Amino acid sequence: MLSTTSCRANVNFREKMATAMDEEERKLQRLKAAVHYTVGRLCQSIGEDHQKEFSRQVIAAIAETTFRQCDIFAKDLEAFARHAKRSTVSVEDVKLTARRSTALSNFIQRKSEEIASANQEQRDTRKKIAGKRKNTEMVLP
Amino acid sequence: MHFKLASTHIFLRHLLFSTFLFGTIFPLELEALRDAFYVNNHGLDAANHCCERVDRQKLKMAESSAEVTFKKETVSKLLSSFFKDEKTKVGADAVLLMAEMLHVFVQEAAQRTIKQAEAEDCDRMDIEHFEKILPQLLLDF
């Protein structure tokens, strides 16, 4: 009797592992499809600009390459964050990932400054709105 | 000739792979998947006609390649799925910067493929043009 229960436990455990892995697989496939969709749109618009057409194979290949490149980026980002004894990936980590080409690092530097200034503007407008609300509240008794 | 067939087969398989998907997906990506299902069920010609019609409609919305970008949630989930440590998170600004970087990656890939095709005097981008620029692209990133 002991052997049958342990057998059943084994089978249950194996089924759970299988379904967990299926879930992971499905998640990955969904992500791949999302990347494929955006890459397809981008390639279509770039092709339009040059009056050329991308074949479906090329779009699939670019999507697959982007997906795999993301893997490399993610591992790099994680390593940089851990090196700086952080658990959250920051903008500095992303800038380090772009270090290989000067043009790319300059571009990323400019984009990061744009994003930072956009954040600052958002914070300023929010402060202004909060300030006005306080003033109106104090005026009304 | 033999190698070319083998590589196209692999990339076609990757394309078909992404058609086998079920469950909730990011809303806009559903359309791309519907097209992908057409490839499986109604043969390649019907798929191309249907996909081109849908793509032309989407093109009217996204005029320039500057407007098409990767969605924040997609990038965030993509990076998180590749982290080895579960505790690693990505900051909001870092997600935006990584979306920009992936955008640049896809643009570079597409434009180098176009240049390669133009250098070889071809009207249509084929997988061989992409294969030729792939090594230098990966070294530059």
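**Exercise 1.** Find out which side chain meets B:Glu100 in a salt bridge.

*Solution.* Start with the rule: a salt bridge has a side-chain nitrogen of Lys or Arg within 4 Å of a carboxyl oxygen of Asp or Glu. The partner of B:Glu100 is A:Lys111, at 3.9 Å from N to O. Next, look across the whole interface of chain B and chain A, where the rule finds three salt bridges.

A word on the model: it is predicted, so local features need pLDDT of at least 70 and side-chain atom pairs pLDDT 80 or more, while totals for chains, interfaces and linings use all residues. Residues are numbered from 1 along each chain as its sequence is written, chains are lettered from A in the order in which they are written, and side-chain values use heavy atoms, without hydrogens and water.

**Exercise 2.** Work out how many residues each chain brings to the contact, and how much area is buried.

*Solution.* First, count residues in contact (heavy atoms within 4.5 Å): chain B brings 72 and chain A 61. Then take the buried area, the accessible area (1.4 Å probe) lost on putting two parts together, summed over both. That area is about 6,500 Å², with 73% from carbon and sulfur atoms. Finally, B:Phe82, B:Leu97 and B:Met101 supply 11% of what chain B buries against chain A, more than any other three residues.

**Exercise 3.** List in order the elements of chain A.

*Solution.* Helices (H or I, at least four residues) and strands (E, at least two) are DSSP runs, numbered from the N terminus. Chain A has four helices and two strands. From the N terminus on, the order is α-β-α-β-α-α.
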